[in-house]
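Please look over the sequence and the structure shown here, and then read the report that follows beside them.

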Amino acid sequence: MKRATGILLALLLTLPLLPHPARAAGLEVAGKSAVLMDAATGTVLYESNPHDKLAPASVTKVMTMLLIMEAVDSGKLSLDDTITASEAAAAKGGSQIYLKVGETMTARDMLKSIAVSSANDCACAMAEHLAGSEGAFVEQMNRRAGELGMNDTHFVNCTGLDDGEDAAQHRTSAYDIALMSRELLVKHPGIKKFTSIWMDTVRNGAFGLSNTNKLIRFYNGATGLKTGYTSGAGYCLSATAEREGLELIAVVMGCETSQKRAAACKSMLDYGFANFSLVSPGLEEDLRVPVTLGAADSVPLTLAGGDSMLIDKGQKNLISYEVASEPSVKAPVAKGQALGSLTVKAGDQVLKTIPLIAASNVDRLTWGNLFLTVLRRAAMGKTP
C-alpha cells in the first residue's frame with residue numbers, strides 16, 4: 001500500500017503551469033463552439049462552449065473513418081478488399097462520387113473518397129460492408145463513442161446528413177469531436193495518408209477528388225482531418241496539423257462560412273504552435289539497481305508514466321533531468337516496484353517527477369541456490 005501511494009503521489013507532483021483553456025489572450029474564434037487539443041496528451045488548450053450539443057454534419061465521418069481504420073488494423077478489413085455499392089449507398093445525397101448500384105471499388109479508394117471528398121455514398125457502402133447495414137454500423141459508432149467518453153454524442157447515421165426524420169437526434173460537441181479525432185490520429189496514424197491528400201482521382205483517373213479542407217494546401221503542417229456542412233449545422237471542421245513533434249487538433253462548429261471556419265481553426269493552431277512544445281522524458285542510459293540475495297545481480301529500471309509532456313514553449317530550452325535511485329534492493333523484487341525517480345525541471349522549477357520502477361521480477365535465491373553459489377565461488381578461489 002505504501003509503495004502504491006508513493007507512486008501515485010509522485011505522479012501527481014507539479015506539472016507545467018499552462019494557461020486555462022478559456023483564457024487564451026487575444027484569441028477570438030468564430031462559430032458556436034470550439035476546442036483546441038494537444039493530440040499527444042489530450043490537454044485542452046482553448047475552449048468555447050466545448051460541450052454544446054450541435055449538429056456536426058460530415059465531421060461525423062471522423063468516427064466512420066475511425067471504425068474503418070480499426071477494422072483495417074485488426075485484420076478484419078483489407079484496403080484491397082472489394083466493396084459493392086448497394087441501392088441504399090447509391091441513393092445517398094449530398095457530397096458523393098455517384099456510385100452506381102452494383103459498382104465495385106476497393107476499400108482504399110472508398111476510404112480516400114470519404115477522407116478527401118466527404119463521399120456519403122462511400123461512407124454508407126463501407127458501413128454496410130463492415131456491419132451488414134448502416135443501422136448496425138451506427139450502433140457500433142455510438143458504442144465506440146461511449147468507450148471514448150464522448151458523453152455529448154449520439155449518432156443516427158454514418159454521414160452527418162440531416163435529411164432524415166431523426167436528424168434532430170444526431171448531435172455531438174466540439175470536445176467530443178476532438179476526442180474521436182485524437183483517437184484516430186494517435187492510434188491510426190495511417191489515416192493521414194488519406195486526409196492529407198489535396199487532389200487525387202478514383203476509377204482509374206476518371207473521377208477527380210478535391211479536398212474540402214483548404215488548410216491542407218494553405219496551412220504549414222496540416223494533416224487533416226474532416227470538414228462538414230449542412231444548412232442546419234453550418235460550417236464545421238476538425239483541423240489537424242503537426243510541427244516539430246507537436247500535433248494539434250482544432251475543432252470549430254457552426255460557422256457562417258467556410259472561410260470563417262478555416263480562419264477559426266487557423267487561429268487556434270497558430271496559438272498552439274506559438275505557445276506550446278512537447279517533450280518526451282526518457283532514460284539516456286541503461287539504469288540498474290544492484291540486488292542482494294537475488295537470482296539476478298541487478299534489476300533494470302524503466303519509467304512509470306513517462307509519456308510526452310506538454311510545456312510552455314519558453315521552457316523548452318531550459319529542460320533538464322535528474323535521476324535518483326536506490327543504492328541497492330533486497331530480493332525478491334516485483335516488476336513495477338518503485339526504486340527511484342526521474343525529475344523533469346525547467347531551470348529551477350520542477351515540472352514533473354516520474355517514478356522509476358523495476359522492469360522485471362527478481363526472485364530471491366533459495367538455500368539451495370545459495371549453497372551452489374558458495375560452491376562455485378569456492379571452486380573459483382573466491383569467498384562468498
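## Helix contacts

Ala107, Met110, Ser113 and Ile114 of helix H4 are in contact with Cys122, Ala123, Ala125 and Met126 of helix H5, where contact means heavy atoms within 4.5 Å, and helices (H or I, at least four residues) and strands (E, at least two) are DSSP runs, numbered from the N terminus. The residues of this contact of H4 with H5 comprise 7 nonpolar, 1 polar and no charged; here Ala, Val, Leu, Ile, Met, Phe, Trp, Tyr, Cys and Pro count as nonpolar, Asp, Glu, Lys and Arg as charged, and the others, Gly among them, as polar.

This is a predicted model, in which local features need pLDDT of at least 70 and side-chain atom pairs count only at pLDDT 80 or more, while totals for chains, interfaces and linings use all residues. Residues are numbered from 1 along each chain as its sequence is written, and side-chain values use heavy atoms, with hydrogens and water left out.

The table sets out two helix pairs, with axes that are lines fitted to C-alpha atoms, for helices over the stretch in contact, and angles that run from 0 to 180 degrees between N-to-C directions.

| Pair | Axes come within | Crossing angle |
|---|---|---|
| H4 (residues 107-117) and H5 (residues 120-131) | 8 Å | roughly 135° |
| H2 (residues 61-74) and H5 | 11 Å | roughly 40° |

On the side of H2, the contact with H5 is made by Lys61, Thr64, Leu67, Ile68 and Ala71, and on the side of H5 by Asn120, Ala123, Met126 and Leu130. The residues of this contact of H2 with H5 comprise 6 nonpolar, 2 polar and 1 charged.

## Strands

Strand E5 (residues 199-202) and strand E6 (residues 207-210) run antiparallel and are joined by 4 bridges, and two strands count as paired if DSSP finds at least two bridges between them. Threonine 201 has glycine 208 in E6 as its bridge partner. E5 and E6 form a hairpin with 4 residues between them, and arginine 203 in the turn has a positive phi of about 55°.

Strand E11 (residues 288-292) runs parallel to E15 and is joined to E15 by 2 bridges, and valine 291 has valine 329 in E15 as its bridge partner.
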